[in-house]
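Have the sequence and the model open side by side. The walk below goes from domains to cores to a pair of packed helices.

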Amino acid sequence: MIRNDWRDHERLQGIEVVADSLRTVGYLPSRQIATTVYLAARLAKPILVEGPAGTGKTELAKAVASFAQAELIRLQCYEGLDESKALYEWNYRKQLLRIQADGAAVEGLEQKGGWSKVGQDIFDEEFLLERPLLHAIRSRESSVLLVDEVDRMEVETEALLLEILSDFQVSVPELGTIVAESLPLVFLTSNGTRDLSEALKRRCLFLYIDYPTQERELEILSAKVPGLNSKLAKQIVGFVAGLRSLDLKKSPSISESLDWTRALLEMGIVTLEDSSVPDTLHLLLKYRTDVEAGIKELTSSDRG
Amino acid sequence: MLELLVGFATALRASGISCSQSELIDASQILGEIDFLNRDELRDSLRSAMVKDPLHIEAFDRLFDVFFSLRSFDSAESEDDPGNPKEGDYQDDIDLTDFLAKALLQNDRDKLSRYVRQAVSRFGGIEKGRAVSGLYYAYRTLRQIDLDRLLALLEGALDLESGSDFDRKLHKLDAKRLIDLLKAQVTKEVTELLVEDRGPVAVAKTLAVTLPEDIEIVRASREELARMQRTVEPLARKLAARLAQKHRSQNRGQVDMRKTMRASLSYGGTPVELVTKPPRPHKPEIFLVTDVSGSVASFSRFTMQLVFAMSSQFSKVRSFAFIDEVDEVTSYFNSASDINEAMRLVNTQAKVVWLDGHSDYGRCLESFWERYHSDLTRRSSVIICGDARNNYHSAKPEVLKLIKGASKHLYWLNPEPHAYWNSGDSVISSYAQYCDGVYEVRSLRHLERFITEAI
């Protein structure tokens with residue numbers, strides 16, 4: 001029977017408690033975020049987090065690991081990721097050495113039971129190299145498993161995750177099935193560059209982290225940037241929200257508005273004026289055409 | 001409760017959101033973990049279990065409001081009789097606008113919902129038992145609340161605080177946001193009243209929630225086009241990723257002898273690990289040729305949007321527009337800051353009209369071939385978008401054969417329903433014989449199917 005330490009974790013009892021716990025480590029959750037984390041812990045379900053870049057998907061997993069003081073195990077996905085890098089691999093070098101060491105005393109080998117014995121020996125846990133997924137399953141303490149940017153791995157490799165996500169076990173042909181002792185809390189993040197398979201989605205709770213509401217962004221800015229006066233904060237949040245409503249190649253996300261805010265403070269700007277914005281806009285917008293569109297909006301809305 | 005949940009899942013499926021049996025089981029388990037009398041909590045929880053696509057969230061929310069709108073969820077309800085104004089409330093219609101403005105500015109949800117309730121009962125004129133489709137009542141109420149005056153009121157009040165030019169611009173945005181909030185509140189209120197009257201299942205049917213990917217491009221309203229625009233971008237990213245990925249997994253590349261020898265050293269000279277050369281990055285070139293004539297105007301706007309989104313992902317996209325003359329429009333998309341600007345440039349500066357501005361596919365294909373055939377290589381994919389309605393000009397399908405011969409793939413996307421193909425002046429079948437595929441693309445769902453099946 002797999003133990004679910006997360007279900008009884010004292011800092012995850014109730015949606016409000018989850019929200020407060022996240023706040024203590026500096027992550028300001030929306031109600032939806034807190035609810036989903038709470039449910040994931042209660043139902044032992046992985047969370048699939050989707051949303052634009054820079055809205056705090058990876059940060060969420062780190063924050064949960066941090067307040068729960070659990071180990072964060074991270075698997076960064078990329079094209080070409082395979083079993084040997086995600087799950088486990090046999091340590092060929094060590095196996096080879098072992099065989100050679102036995103071969104040095106051929107007579108000894110016969111006495112010890114011959115080849116079949118060595119064959120058993122070299123497929124022992126001693127020769128197994130743990131990769132993140134197996135590590136998360138074998139971890140004795142409760143852990144947080146972060147599978148970052150799932151959409152980057154190929155559809156075929158996605159199947160690797162299925163056994164782990166639904167049954168929390170890994171099958172190693174030579175050893176049998178390894179079942180988790182303590183359930184890891186799993187976060188999968190995706191930027192939505194491709195559709196994930198139905199099978200994967202079905203096993204997860206889904207959390208979409210969009211650009212924050214103005215209230216939440218205001219809260220985040222004031223918490224993360226000390227010494228920010230409330231009027232400037234309000235102006236920044238309002239302006240950024242306006243930019244997001246434009247048709248841009250890359251809308252500014254929280255991390256960008258944080259950068260911008262810090263830069264403004266460094267420059268000693270107390271209130272935003274028409275004149276001060278264009279010079280710093282490139283911190284917020286990453287494409288030249290976007291910056292131009294932003295400046296145009298700034299100068300044109302006078303008439304509108 | 002469970003019965004309601006099943007009904008809800010059925011309605012979700014009816015609107016196109018696939019909600020599997022196991023997801024429904026998850027949802028029912030969730031009920032045991034939360035306080036399901038708290039509506040917000042219930043909504044957030046069910047959303048995380050039953051919706052797996054960000055584009056479906058909006059439709060989910062609307063259906064949720066229908067199914068879980070029982071008045072008993074609002075605890076404050078009992079003490080408030082919606083019909084009777086309380087002391088300090090509005091006296092006549094003009095005042096109501098003022099009160100709404102005040103509630104919005106103070107961000108006071110309770111007051112807002114009370115005033116909205118009054119507005120709906122006063123202006124909506126809801127007749128019990130009458131099956132009016134959609135949200136006709138909401139439009140009626142909003143028409144009566146003077147939205148222009150409300151907007152002015154909100155802006156005026158916000159401007160009082162501080163007066164720099166910059167602030168004033170921000171306040172305009174704020175005011176618009178507040179108006180949207182009011183609209184949403186009115187819609188919700190009307191929905192609740194309708195459900196009270198007719199039950200959730202009936203209301204869900206009349207609401208006719210359309211998912212963004214099911215909207216018909218040619219018939220879409222302005223609002224629907226705006227909703228679609230948001231979905232085009234992820235789709236373009238998907239298309240780009242797919243084109244770049246193709247064939248990568250099969251082609252493992254040649255054996256890299258040097259690296260294989262190096263790797264064998266750690267096994268005492270036995271080449272245990274075979275190291276292959278990294279495959280050459282696949283760089284497909286896309287030629288998108290789009291009919292921009294009046295008959296497919298909204299479709300061409302949509303394909304142009306797709307081009308615009310793709311050109312930010314993908315450097316090797318070249319786009320061409322034509323009516324009865326073809327012209328390359330790639331540079332307009334690269335220089336324009338948004339799609340509207342790009343469309344304007346295409347319409348004013350590109351030479352797409354030769355004689356009379358009626359589509360002439362034969363002529364355009366011919367001149368496309370003449371002018372750009374030297375650019376086509378074995379890596380080029382040509383995608384032609386248009387209804388192939390040739391106005392009885394000469395079709396010249398043999399030119400398409402040449403184009404097909406010079407490129408890797410040739411696809412045709414047709415915005416017309418399959419049943420209309422080859423009727424009247426449509427000559428799609430004479431072109432189809434030379435294409436790798438002709439696809440009916442009337443909605444984003446069709447386009448997505450094209451991406452997954454063809455490419």
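Domain bounds here come from an automatic or database domain assignment. For chain B that assignment gives four entries: domain 1 (2-68), domain 2 (76-205), domain 3 (230-246 + 282-454) and domain 4 (252-281). The C-alpha centres of domain 1 of chain B and domain 3 of chain B are 40 Å apart.

A word on conventions. This is a predicted model, in which local features need pLDDT of at least 70, side-chain atom pairs count only at pLDDT 80 or more, and totals for chains, interfaces and linings use all residues. Residues are numbered from 1 along each chain as its sequence is written, while chains are lettered from A and ligands numbered from 1 in the order in which they are written.

Turn to chain A. Its assignment gives domain 1 (10-80 + 132-208), domain 2 (88-126) and domain 3 (214-296). Between domain 1 of chain A and domain 3 of chain A, the C-alpha centres lie 31 Å apart. Eight residues from domain 1 of chain A and nine residues from domain 3 of chain A make the contact. Two residues are in contact if their C-beta atoms, placed from the backbone, lie within 7 Å. What classes of residue does domain 1 of chain A present to domain 3 of chain A? Three are nonpolar, five are polar and none is charged. Here Ala, Val, Leu, Ile, Met, Phe, Trp, Tyr, Cys and Pro count as nonpolar, Asp, Glu, Lys and Arg as charged, and the others, Gly among them, as polar.

Back to chain B. Its secondary structure comprises 19 helices and six strands. These are DSSP runs numbered from the N terminus: helices are H or I, at least four residues, and strands are E, at least two. Of its 455 residues, 39% are buried. Buried means that 20 or more other C-beta atoms, placed from the backbone, lie within 10 Å of the residue's own.

Next, the cores. A nonpolar core is a set of buried Ala, Val, Leu, Ile, Met, Phe, Trp, Tyr and Cys residues joined through C-beta atoms within 7 Å. The largest has 126 residues, and A:Val144, B:Leu63 and B:Leu100 touch the most other members. Helix 9 (residues 165-198) of chain B gives this core its largest share, ten residues. Another core, of 59 residues, lies apart from it and includes B:Val296 and B:Val427.

Finally, a helix pair. Helix 2 (residues 31-43) of chain A packs against helix 3 (residues 39-50) of chain B at about 65 degrees, with axes 9 Å apart. Axes are lines fitted to C-alpha atoms, for helices over the stretch in contact, and angles run from 0 to 180 degrees between N-to-C directions.

Terms used:
Buried ≥ 20, exposed ≤ 12 C-beta atoms within 10 Å, placed from the backbone.
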